[in-house]
Amino acid sequence: MRRNIIAANWKMYFTINEAEAVANRMAEVVNNKTKVIVCPPFVFLDRLSKVFLKTSIKLGAQNMYFEEKGAFTGEISPTMIESVGCEYVIIGHSERRHIFGERDIDIRKKVVSAIEHNLKPILCVGETLTQRKDGKAKDVVERQIITALDGVDLNSVVVAYEPVWAIGTGVPADLDTVNEMHSFIRGLLEDVPILYGGSVKDKNAYELAQINDVDGFLVGSASLDADTFKKIIDEFERAKGVN
Ligand code: PEP
């Protein structure tokens with residue numbers, strides 16, 4: 001179902017005390033109509049689930065393994081993250097694909113397993129700069145989506161379009177590109193929320209949110225500060241006319 005969502009990806013930042021302080025501040029200031037999801041590192045999930053318990057903020061993990069249990073040293077299962085209060089899980093983030101070598105086929109297994117375990121996957125897709133320069137951006141994104149989602153029940157799926165060349169650079173993709181790529185994805189996935197990710201800040205959230213097929217954001221570095229993150233949510237709602 002298409003709906004507005006803003007998710008925070010904290011990546012590998014913070015100690016538990018720092019994470020708890022930011023989460024407490026978010027619990028204090030975030031009171032929006034848009035669904036807000038925070039995805040901290042695994043080791044903070046249990047503690048932060050208590051902070052968010054009486055708020056509307058939902059908890060997500062940044063990754064998971066597709067098996068439910070077994071001899072998989074260092075991995076975290078869907079059952080584990082569900083048992084500490086996660087409702088969502090980011091799958092196929094470009095850092096997982098490019099630093100840790102996750103392939104489309106691995107990502108599909110994770111999406112399927114997440115849904116089997118009642119978790120809502122936030123599937124990340126997006127092309128590299130080379131793929132874009134070679135004119136392959138749409139082919140790459142289409143392949144990522146089809147491999148991960150073909151035959152999958154799309155009811156609980158969220159997609160985040162994150163051009164790799166815009167992540168962590170401070171400069172988001174230009175508005176025409178975001179518009180073009182989101183319309184393209186909408187053609188493949190009519191009813192799925194499509195988030196934009198890649199250097200979303202409080203200063204650019206309004207103009208990005210004015211794009212019709214942008215249903216929300218996946219925010220990395222600007223989500224590490226609760227007040228900045230809150231401004232992004234407010235700017236998004238201002239652009240969408242939510243009040
Ligand atoms: C991300 O990690 O998903 C992301 C979009 O990061 P940033 O906002 O820092 O570009």
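Trainee: Over the face of which residue does Arg238 lie?

Mentor: A charge sits over a ring if NZ of Lys or CZ of Arg is within 6 Å of the ring centre and within 35 degrees of the ring normal. Here, Arg238 lies over the face of Tyr206, at 4.0 Å from the ring centre. Likewise, the charged end of Arg96 sits over the ring of Phe100, 4.2 Å from the centre of that ring. This is a predicted model, in which local features need pLDDT of at least 70 and side-chain atom pairs count only at pLDDT 80 or more, whereas totals for chains, interfaces and linings use all residues. Residues are numbered from 1 along each chain as its sequence is written, and side-chain values use heavy atoms, with hydrogens and water left out.

Trainee: How many aromatic pairs does a search of the whole structure find?

Mentor: Rings of Phe, Tyr and Trp (its six-membered ring) pair if their centres lie within 6.5 Å; planes under 30 degrees apart count as stacked, over 60 as edge-to-face and the rest as tilted. The search finds four such pairs. One of them, Tyr65 with Phe72, is tilted, at 5.0 Å centre to centre and 50 degrees between the planes. Ring pairs also gather Tyr65, Phe66 and Phe72 into a cluster.

Trainee: Why is the pair of Phe217 and Phe236 edge-to-face?

Mentor: The ring planes of Phe217 and Phe236 stand at 75 degrees, with the centres 5.5 Å apart, so the pair is edge-to-face. Phe217 belongs to strand β8 (residues 216-219) and Phe236 to helix α10 (residues 226-240), so the pair ties together parts that are 19 residues apart in sequence. Helices (H or I, at least four residues) and strands (E, at least two) are DSSP runs, numbered from the N terminus.

Trainee: Is Phe217 buried or exposed?

Mentor: Buried means under 20% relative accessible area, exposed over 50%, and partly exposed in between (1.4 Å probe, protein chains only). Phe217 counts as buried, at 0% relative accessibility, and Phe236 is likewise buried at 0%. Phe72, by contrast, is partly exposed at 32%.

Trainee: How many strands form the closed barrel?

Mentor: Strands of a sheet pair through backbone hydrogen bonds, either parallel or antiparallel. Two strands pair if DSSP finds at least two bridges between them. In this model eight strands, running from β1 to β8 in order, form a closed barrel with parallel pairing. Strand β2 (residues 35-39) pairs with strand β3 (residues 58-61) over two bridges, and Val38 stands opposite Leu59 in β3. Two bridges also join β3 to β4, where Ala61 stands opposite Val89. Four bridges then connect β4 to strand β5 (residues 120-125), with Lys120 as the bridge partner of Tyr88.

Trainee: Which residues point one way from strand β4, and which the other way?

Mentor: In β4 (residues 88-91), Tyr88 and Ile90 point one way and Val89 and Ile91 the other, and all are buried.

Trainee: How many salt bridges does the structure hold?

Mentor: A salt bridge is a side-chain nitrogen of Lys or Arg within 4 Å of a carboxyl oxygen of Asp or Glu. The structure holds 22. Among them, Lys11 meets Glu95 at 2.8 Å, N to O. Lys11 lies in the loop between β1 (5-9) and α1 (16-29) and Glu95 in helix α4 (residues 94-98), so this pair ties together parts that are 84 residues apart in sequence. Another salt bridge joins Glu87 and Lys120 at 3.0 Å, N to O. Arg132 forms one with Glu127, the closest N and O atoms being 2.7 Å apart; Glu127 is buried at 0% relative accessible area, whereas Arg132 is partly exposed at 25%.
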